[in-house]
Amino acid sequence: AQTPPSDATADVIQRMNQRFEALSHRLDQLEKAIDDVAWYHRVGDIATVEKVRIYGPPRAKVNNPTQMGAKNPLMFWTYIFVPTKIDRTKKYPLLVFPHGGVHADLNSTFSYHIIRELLTQGYVIVAPDYRGSTGYGRGFYEAIDYGGLENDDCYASRNHMLENYDFVDKTHVGIMG
């Protein structure tokens with residue numbers, strides 16, 4: 001039979017696990033920064049690529065709801081892909097493209113071929129990295145609502161496009177992912 005670890009050993013193990021978790025989030029942020037550059041290389045020949053920070057509803061759960069800023073909107077990043085050969089005086093369909101997975105992100109390795117094909121067909125694309133996405137640190141990762149407010153973040157991305165891009169056709173908006 002094994003003897004249980006001492007309190008000191010258990011404390012060391014807990015601190016090591018916390019450090020590994022923090023390192024994991026830092027590595028995700030580094031990977032995200034590298035992948036952001038990859039988007040320009042993979043679709044930059046046929047599209048403009050923007051990454052903008054917009055906001056969605058406040059967090060679903062806050063530890064101290066009376067704390068200053070506790071009910072502020074949550075800021076998140078969204079990618080915007082616009083075909084370079086469009087006539088900006090005309091209207092073009094918009095596709096909202098949320099990434100797969102729960103704790104994941106828009107990754108050029110898995111998505112660029114789909115984005116590229118849609119761009120060649122004349123679609124404007126908005127792809128939100130909604131709350132809970134990886135690559136933005138632990139706090140953002142833990143802001144996930146598991147199917148509630150992430151949908152609102154996707155809707156906020158759609159609204160951002162309709163409000164700020166005159167060449168987007170408000171009557172032709174779809175979602176896929």
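Trainee: What covers the buried residues of helix 2?

Mentor: The cover includes helix 1, strand 1, strand 2, strand 3 (92-96) and strand 4. This is a predicted model, so local features need pLDDT of at least 70 and side-chain atom pairs count only at pLDDT 80 or more, while totals for chains, interfaces and linings use all residues. Residues are numbered from 1 along each chain as its sequence is written, and side-chain values use heavy atoms, with hydrogens and water left out.

Trainee: Which residues of helix 2 are buried?

Mentor: Ser108, Ser111, Ile115, Leu118 and Leu119. Buried means under 20% relative accessible area, exposed over 50%, and partly exposed in between (1.4 Å probe, protein chains only). Covering goes by contact, meaning heavy atoms within 4.5 Å. Helices (H or I, at least four residues) and strands (E, at least two) are DSSP runs, numbered from the N terminus.

Trainee: What happens at the start of helix 2, and what comes just after helix 2?

Mentor: At the start, a side-chain oxygen of Asn107 comes to within 2.7 Å of the backbone nitrogen of Thr109. Just past the other end, Gly122 has a positive phi of about 95°.

Trainee: How many residues does helix 1 have?

Mentor: Helix 1 runs over residues 7-43, which is 37 residues, and spans 54 Å from its first C-alpha to its last, close to the 54 Å expected. The expected span is 1.5 Å times one less than the number of residues. Helix 2 has 13 residues and reaches 17 Å, close to the 18 Å expected.

Trainee: Which residues of helix 1 are buried?

Mentor: His25, Lys32, Asp35, Asp36, Ala38, Trp39 and Val43. Their cover includes strand 1 (47-56), strand 2 (74-83), helix 2 (108-120), strand 4 (124-129) and helix 3 (138-141).

Trainee: Lys32 is on that list. What does the side chain of Lys32 meet in a salt bridge?

Mentor: Asp129, at 2.8 Å, N to O. Lys32 is in helix 1 and Asp129 in strand 4, 97 residues apart, so the pair links distant parts of the chain. Both residues are buried. A salt bridge here is a side-chain nitrogen of Lys or Arg within 4 Å of a carboxyl oxygen of Asp or Glu.

Trainee: And which side chain meets Asp36 in a salt bridge?

Mentor: Lys51, at 2.6 Å, N to O. Asp36 sits in helix 1 and Lys51 in strand 1, so the pair ties together parts 15 residues apart in sequence. Asp36 is buried at 15% relative accessible area, whereas Lys51 is partly exposed at 22%.

Trainee: How many salt bridges does the structure hold?

Mentor: There are 8. One of them joins Asp11 and Arg15, with the closest N and O atoms 3.5 Å apart. Those two lie in helix 1, 4 residues apart, about one turn of the helix. Asp11 is partly exposed at 36%, as is Arg15 at 44%. Glu21, Arg138 and Glu142 are linked in a network of salt bridges.

Trainee: Change of topic. Which residues form a nonpolar patch on the surface?

Mentor: Val12, Met16, Phe20, Leu23, Leu27, Leu30 and Ile34, with about 680 Å² of accessible area together. Leu23, for one, is in helix 1 and is partly exposed at 42%. Patches take residues with over 30% relative accessible area and no salt bridge, joining like charges within 9 Å and nonpolar side chains (Val, Leu, Ile, Met, Phe, Trp, Tyr) within 5 Å. The areas come from the Shrake-Rupley method with a 1.4 Å probe; for residues, only the protein chains shown count as cover.

Trainee: Now helix 4. What covers the buried residues there?

Mentor: The cover includes strand 1, strand 2, strand 3, strand 4 and strand 5 (168-175). Helix 4 itself covers residues 149-164, with 16 residues and a reach of 22 Å, close to the 22 Å expected. Its buried residues include Cys154, Ala156, His160 and Met161.

Trainee: Leu149 lies in helix 4 too. Is Leu149 buried or exposed?

Mentor: Leu149 counts as buried, at 13% relative accessibility. Leaving out residues up to four places away in sequence, Leu149 touches Pro57, Pro58, Arg59, Ala60 and Arg131.

Trainee: Where is Tyr146?

Mentor: In the loop between helix 3 and helix 4. Tyr146 has a positive phi of about 55° although it is not a glycine. Most residues other than glycine have a negative phi. Tyr146 counts as exposed, at 58% relative accessibility.

Terms used
Polar contact = N/O pair within 3.5 Å; in protein donor to acceptor, adjacent residues only side chain to side chain.
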